[in-house]
Amino acid sequence: MKSVVRRVAVAGVMLASAIHSSDAAELNTMNDVGAAIQACWTPPADAGPASVTLSFSFKRDGTLIGPPRPTAIKVDGDAKAKKSFVDAATTALQNCLPLTFSAKLAQGIAGNVFTLQFASPK
């Protein structure tokens with residue numbers, strides 16, 4: 001399952017276009033999940049080069065088990081700037097939900113911890 005976690009993190013950084021969950025596109029792979037979430041992400045305009053990695057778990061229905069947790073924050077500026085960036089990433093993730101998983105993906109995804117990096121353009 002560790003390789004799946006790595007794939008979602010890599011997919012989230014590399015893939016920027018996907019179908020939003022409201023379009024009810026069924027997601028079949030972790031690459032699809034990462035791309036769908038990244039499509040919801042818009043970094044704060046004044047962020048500069050920054051990133052935050054969120055850790056979270058899904059239920060089979062495409063919602064989260066509890067709130068996402070920031071596990072790595074790389075934002076220049078004060079605590080307010082960091083909070084703003086983390087809040088933007090958390091909001092993007094929550095606004096993207098629920099995701100629509102294929103039956104096979106839903107069976108394997110539930111309860112596992114995933115990480116995804118949200119970054120501003122360089």
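**Core and sheet of the predicted model**

The largest nonpolar core has 29 residues, and those making the most contacts inside it are Val33, Ile37, Phe56, Phe58, Leu99, Phe101 and Phe118. A nonpolar core here is a set of buried Ala, Val, Leu, Ile, Met, Phe, Trp, Tyr and Cys residues joined through side-chain atoms within 4.5 Å, with buried meaning under 20% relative accessible area (1.4 Å probe, protein chains only). Two or more residues come from each of α2 (30-39), β2 (51-57), α3 (79-95), α4 (103-109) and β5 (113-119); helices (H or I, at least four residues) and strands (E, at least two) are DSSP runs, numbered from the N terminus.

Residues are numbered from 1 along each chain as its sequence is written, and side-chain values use heavy atoms, leaving out hydrogens and water.

Now for the sheet. Three strands form an open sheet in the order β3-β2-β5, with antiparallel pairing (two strands pair if DSSP finds at least two bridges between them). At the edges sit β3 (69-74) and β5, each pairing on one side only. From one strand to the next, the twist averages 20°. Antiparallel β2 and β3 are joined by five bridges, and serine 55 stands opposite arginine 69 in β3.

Two helices go with these strands. α3 packs on the sheet, touching β2, β3 and β5 (contact: heavy atoms within 4.5 Å), and its direction makes about 40° with that of β2. α2 lies across β2 and β5, running at about 40° to β5. Axes are lines fitted to C-alpha atoms, for helices over the stretch in contact, and angles run from 0 to 180 degrees between N-to-C directions.

Methods: This is a predicted model: local features need pLDDT of at least 70, side-chain atom pairs count only at pLDDT 80 or more; totals for chains, interfaces and linings use all residues. Buried means under 20% relative accessible area, exposed over 50%, partly exposed in between (1.4 Å probe, protein chains only).
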